[in-house]
Amino acid sequence: MSNPQPVGETGPVVPAGLVVPALPSEQEMVDEIDRDRRHERYLVRAALVATLVIGVALTVRARWG
Amino acid sequence: MNALTAIGTWVCLAFVIVGAIPVAVGLYQYLLVPIHPWRNHYRKAAPYLPRVSVVVPAWNEGAVVGTSIDRLVRLEYPPDRLRVYVVDDASTDNTPDVVLERAARYPGRVFHLRRENGGQGKAHTLNHGISVLLEQDWTEAVLIMDADVIYRPDSLRKMTRHLADPTVGAVTAYISEGSARPRYLTRFIGYEYVAAQTAARRAQNVLGVLACLAGGAQLHSRENLEAIGGRIDTTTLAEDTVSTILTQLNGRRVIFEPYAVVLAEEPEDIGALWKQRLRWGRGNVQVTKRFAGLWFRPWKHRRLGGFSFGLIWFSVLLLPITMVLSSIGLIGLFLLGSDLAADAFRATWFLAACTYLFITTMTVQIEPRTGRRSWREAVAFPGLISLLVMATAFAPDLFFRTIPGLFGLELTAIGEDCVTLALYAWLSLCMVAAWLTKRVEKTRFGKVLAPTLMYVVGYGPLLCAITFDSYIKEFRGAAQVWDKTEKVGRVMA
């Protein structure tokens, strides 16, 4: 068994018949990083909701526990 | 006698406090997660597309490796900057045929490397491939993955963007459970991965130190791989953790990228999960011993040796022991006739209940897709019995009046003592119950009973029981074999 092409040799840049997804432009990738960074703020909302749930549980305990 | 009682009381109380530490540390980790929007690596990330060599270790992976290769060559990445090296570890199935067919289909991009004498484990297989690609100047970064994982199209370039910062040595992705039709156990695993990766590893990003690069998705810069010896550790069962620690000890950062998503196939039965996690657990014990001079010594390494990271590391590693200590402490206080027993029990489980509510509510929001798919497993993660015990922290009469009352019963004094002792012992008994669940799975009625028991006993206790087993196996010096997890190609392609 051997490789069709020796290891380390460079083949065609885009093999025939291969559908290669479009690579975003550099600016699009910069925007994507910024978008991902800003999207992280959803974690704050998640933490606030979690805190609220604990608050409800403690209230229930204080009232009826 | 009074002095002895006092000493016994303090010792028991100390045990209970030690038992509560992992719970508090779990909550602490989750409180770090909402800081991630401000303490992350995105400001130093930039579009960067180095020449990446992908190393895929494969032993009898014919069912899955073809799809993985197909997805790799279709990544949103410049085709002339990506090469795939499948290291065939003397497979006896059709793996060589599948890989060679792909090598012919994608010439110059996919390569088949064959080890004629295999079976030494994943690390040896990886080293065979790494030695080949480091011989060439072409490689600027190395992606180490598993044969069964499927990379989302944008995942690799979302990882490489962090390597634009030369202080970063390695980047890891989020490994998501990827079955098209998950069974109960894979839904538990899916939820666990959200908690253990997208939450816990974000917290570690905040601390600036990572415990482990996921074995199925670790991207190293060439400089980093060469700095850690140009090879993967072969002396432990946790080679990915060793690489992570060595990278950071060498002064480079390790980053978790939550938006680089990789789908993986996970075990569908408890036996296979036990085998996989036992390997991970034993690996962690070995890593702890190997870096024994590092923990809680910030002067050795500011972050790896830091107090926060040490607490996180040992809270996971020693969780089963702390659970047993907690039970011993509570029962001890009860037998000593101390009034502290009930207070300590309520305080422990009250903390556990608050932590559970916070962690569960956050986790299902962090990854809403898994949250929707696995909400039952999220709720039942600690087990329905543990949930009832937690509920006693909020409603102390639950086990003594309410539940017996439902059946028209009233507990006698002896009955109350028995229930009390059972509640105090549950933190230890739950691991025994989890082990029994594994045993039940092998029986004739296992397919029906085991899932039910898993929800009742809990997935968390199962993981603790496996960790406990890993101590025993390490202590006994059991043979260090690489028990591969069987993969059949269930991941959504």
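Modeller: A salt bridge here is a side-chain nitrogen of Lys or Arg within 4 Å of a carboxyl oxygen of Asp or Glu. This is a predicted model, where local features need pLDDT of at least 70, side-chain atom pairs count only at pLDDT 80 or more, and totals for chains, interfaces and linings use all residues. Residues are numbered from 1 along each chain as its sequence is written, and side-chain values use heavy atoms, with hydrogens and water left out.

Colleague: How many salt bridges across the interface of chain B and chain A?

Modeller: The rule finds six. One of them pairs B:Lys158 with A:Asp36. Their closest N and O atoms are 3.5 Å apart.

Colleague: New topic. Where is B:His112?

Modeller: In strand β3 of chain B.

Colleague: Buried or exposed?

Modeller: B:His112 counts as buried because its relative accessibility is 5%. Buried means under 20% relative accessible area, exposed over 50%, partly exposed in between (1.4 Å probe, protein chains only).

Colleague: What does its side chain make a polar contact with?

Modeller: The side chain of B:Asp88, at 3.1 Å. A polar contact is a pair of N or O atoms within 3.5 Å; within protein, one must be able to donate a hydrogen and the other to accept it, and residues adjacent in sequence count only if both atoms are side-chain atoms.

Key: Chains are lettered from A and ligands numbered from 1 in the order in which they are written. Helices (H or I, at least four residues) and strands (E, at least two) are DSSP runs, numbered from the N terminus.
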